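This report covers helix packing and charged side-chain pairs. Please keep the sequence and structure in view while reading.

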Amino acid sequence: MPSGRGATREEAYQPLWVEEPARRRRLPDPVRNSAVRAVLIIALTLLQAMVAFLCTLAGSWLAFPMVVSSVASTVVATWGALDVWVTRQVWNQRHGVVSTPSSTARALRRERRKARRQARVAERTQERIRRQGGTGRLSHS
C-alpha cells in the first residue's frame, strides 16, 4: 500500500512546460540562412553607426573613416534585407505555397459554382425544348 506522502507528491507533480505545436511552419533553409545573415549584417551596421557617432562626438580622427564605412555598411545591410525577400520569393515560386482559402472565399466559390451549374441546366432544358419543336404549347395534341 503506498504511503500518504508519496501519493501526494505524485499528484502534485506538474511539468515545467507543456509542448504545443508550432503555429507557423518553419522557414525553409535558404530563407532562414539569408535572414540570419541579414540580421547579423544589420546588427553590425548599427554598431558601426553608433561607434561613428561616438567618435564624432569625441572628435576622434577615426570619425571620418567610420562614417564612410557606415554608409557602405548601410548599402550592404539593404542588400541583405532585399536578399531575404528575393530568396523567399524564389523559394515560393520553385516549391509552391500551400494556401488554404478562408471559409468565406470557399463559400463564395461554392455559390458561384452552384449558379453556373443551374445556368447550364436551364440552358440544356431550353435547348431540349427547342429541339423537340416546342412552340410554347404545353401539350403536342
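A salt bridge here is a side-chain nitrogen of Lys or Arg within 4 Å of a carboxyl oxygen of Asp or Glu. The model is predicted.

E127 is partly exposed, at 37% relative accessible area. R130 is exposed, at 55%.

## A network around D29

The whole structure holds four salt bridges. R26, D29 and R32 are linked in a network of them. R26 pairs with D29 at 3.8 Å, N to O. R32 also forms a salt bridge with D29, and here the closest N and O atoms are 2.4 Å apart. R32 and D29 lie three residues apart in helix α2, and are therefore separated by about one helical turn.

How accessible is R26? Its relative accessibility is 66%, so R26 counts as exposed. D29 is partly exposed at 44%. R32 is partly exposed as well, with a relative accessible area of 25%.

## Packing of α2 and α3

Helix α2 spans residues 29–58 and helix α3 spans residues 63–95. Their axes come within 8 Å and cross at roughly 165°. Angles over 145 degrees count as roughly antiparallel, and α2 and α3 are therefore roughly antiparallel to each other. The crossing of α2 and α3 is left-handed.

What makes up the contact of α2 with α3? Its residues divide into 19 nonpolar, 10 polar and three charged.

Conventions:
Residues are numbered from 1 along each chain as its sequence is written. This is a predicted model: local features need pLDDT of at least 70, side-chain atom pairs count only at pLDDT 80 or more; totals for chains, interfaces and linings use all residues. Side-chain values use heavy atoms; hydrogens and water are left out. Axes are lines fitted to C-alpha atoms, for helices over the stretch in contact, and angles run from 0 to 180 degrees between N-to-C directions. Helices (H or I, at least four residues) and strands (E, at least two) are DSSP runs, numbered from the N terminus. Angles under 35 degrees count as roughly parallel, over 145 as roughly antiparallel, 65 to 115 as roughly perpendicular and the rest as oblique. A crossing is left-handed if the near helix is turned anticlockwise from the far one by less than a right angle, and right-handed if clockwise. Ala, Val, Leu, Ile, Met, Phe, Trp, Tyr, Cys and Pro count as nonpolar, Asp, Glu, Lys and Arg as charged, and the others, Gly among them, as polar. Buried means under 20% relative accessible area, exposed over 50%, partly exposed in between (1.4 Å probe, protein chains only).
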